[in-house]
Amino acid sequence: ACGAGPGPPPAVPARTSPTAVAATPNGTDVAWLQLLIAMNERLVPVLALAPERAADPALARRADAARTNRTAELAALRDLATRVTLRAENPHAGHDMPGMTTAAQRAALATASGAEFDRLFSGALQAHLDQAARLCACEQKSGADPAFRALAASIARTVTAEGARSG
């Protein structure tokens with residue numbers, strides 16, 4: 001939920017500037033970061049299946065573009081993660097939440113091909129894009145750190161544009 005975090009924010013040294021107030025990531029920032037990392041880590045392997053399994057060449061191209069975007073997002077998210085102290089294991093990695101491909105979905109996609117793959121894949125990708133957009137909106141509303149909020153705005157633009165192209 002927007003504004004709900006995993007507890008108090010981690011201790012991060014404040015940066016100072018004579019013209020700006022330093023921001024410290026809050027619980028929303030950290031939860032958003034961890035959720036997006038977990039969601040993208042689960043989706044990237046699914047995106048890699050499309051070139052060989054999709055019936056629709058346009059879907060395979062869409063998957064390739066999405067894979068490029070999610071991989072770039074993961075790099076940016078992980079870079080941002082270096083600013084905060086996170087638990088060794090992402091607490092969201094094992095959860096099945098909206099927008100996260102489940103083990104059952106991944107197994108079904110790994111064995112499906114043609115029109116069945118296209119149907120399953122399209123649903124999983126759209127669910128991911130929709131949830132990522134919602135989470136980014138929550139981060140922009142309730143996050144504290146400008147760098148986290150800026151990345152959320154960028155990701156929101158990308159996933160919204162990708163979702164609009166699917167219809």
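Start with where α1 meets α3 in this predicted model. From α1, the residues involved are Trp32, Leu33, Leu36, Ile37, Asn40, Glu41, Leu43, Val44 and Leu47. On the α3 side they are Ala63, Ala66, Arg67, Arg70, Thr71, Glu73, Leu74, Leu77, Arg78, Leu80 and Ala81. Sorted by class, the residues of this contact are 13 nonpolar, 2 polar and 5 charged.

For the geometry, α1 covers residues 27-47 and α3 covers residues 57-81. Their axes come within 9 Å and cross at roughly 150°. The crossing of this pair is left-handed.

Two of the charged residues in that contact deserve a word. Side chains of opposite charge can pair when their charged atoms come close. Here Arg78 and Glu41 form a salt bridge, with 2.6 Å between the closest N and O atoms. Arg78 belongs to α3 and Glu41 to α1, so this pair ties together parts 37 residues apart in sequence. How many salt bridges does the count come to? The count comes to 5.

Next, α1 against α5. The axes of α1 and α5 come within 10 Å, crossing at roughly 165°. That makes the two helices roughly antiparallel. The α1–α5 crossing is left-handed. The α1 residues in contact are Thr28, Asp29, Trp32, Leu35, Leu36, Met39, Asn40, Leu43, Val46 and Leu47. Their partners in α5 are Phe121, Leu125, His128, Gln131, Ala132, Leu135, Cys136, Cys138, Glu139 and Ser142. By class, that contact has 13 nonpolar, 5 polar and 2 charged residues.

The remaining pair is α3 with α5. What angle do the axes of α3 and α5 make where they cross? They cross at roughly 35°, and come within 12 Å. α3 passes α5 in a left-handed crossing. Leu59, Arg62, Ala63, Ala66 and Arg70 in α3 touch Asp118, Phe121, Ser122, Leu125, Gln126, His128 and Leu129 in α5. This contact divides into 6 nonpolar, 3 polar and 3 charged residues.

Now confidence. The protein averages a pLDDT of 84, and 80% of the residues score at least 70. Which element has the highest mean pLDDT, and which the lowest? Helix α5, residues 114-142, is highest at 96, while helix α6, residues 146-166, is lowest at 92. Residues 3-22 are another matter, as pLDDT stays under 50 throughout that stretch. The model has 25 contacts beyond four places in sequence for residues 3-22.

Terms used: Residues are numbered from 1 along each chain as its sequence is written. Side-chain values use heavy atoms; hydrogens and water are left out. Axes are lines fitted to C-alpha atoms, for helices over the stretch in contact, and angles run from 0 to 180 degrees between N-to-C directions. Helices (H or I, at least four residues) and strands (E, at least two) are DSSP runs, numbered from the N terminus. A crossing is left-handed if the near helix is turned anticlockwise from the far one by less than a right angle, and right-handed if clockwise. Contact means heavy atoms within 4.5 Å. Ala, Val, Leu, Ile, Met, Phe, Trp, Tyr, Cys and Pro count as nonpolar, Asp, Glu, Lys and Arg as charged, and the others, Gly among them, as polar. pLDDT is the predictor's confidence in each residue, from 0 to 100. Angles under 35 degrees count as roughly parallel, over 145 as roughly antiparallel, 65 to 115 as roughly perpendicular and the rest as oblique. A salt bridge is a side-chain nitrogen of Lys or Arg within 4 Å of a carboxyl oxygen of Asp or Glu.
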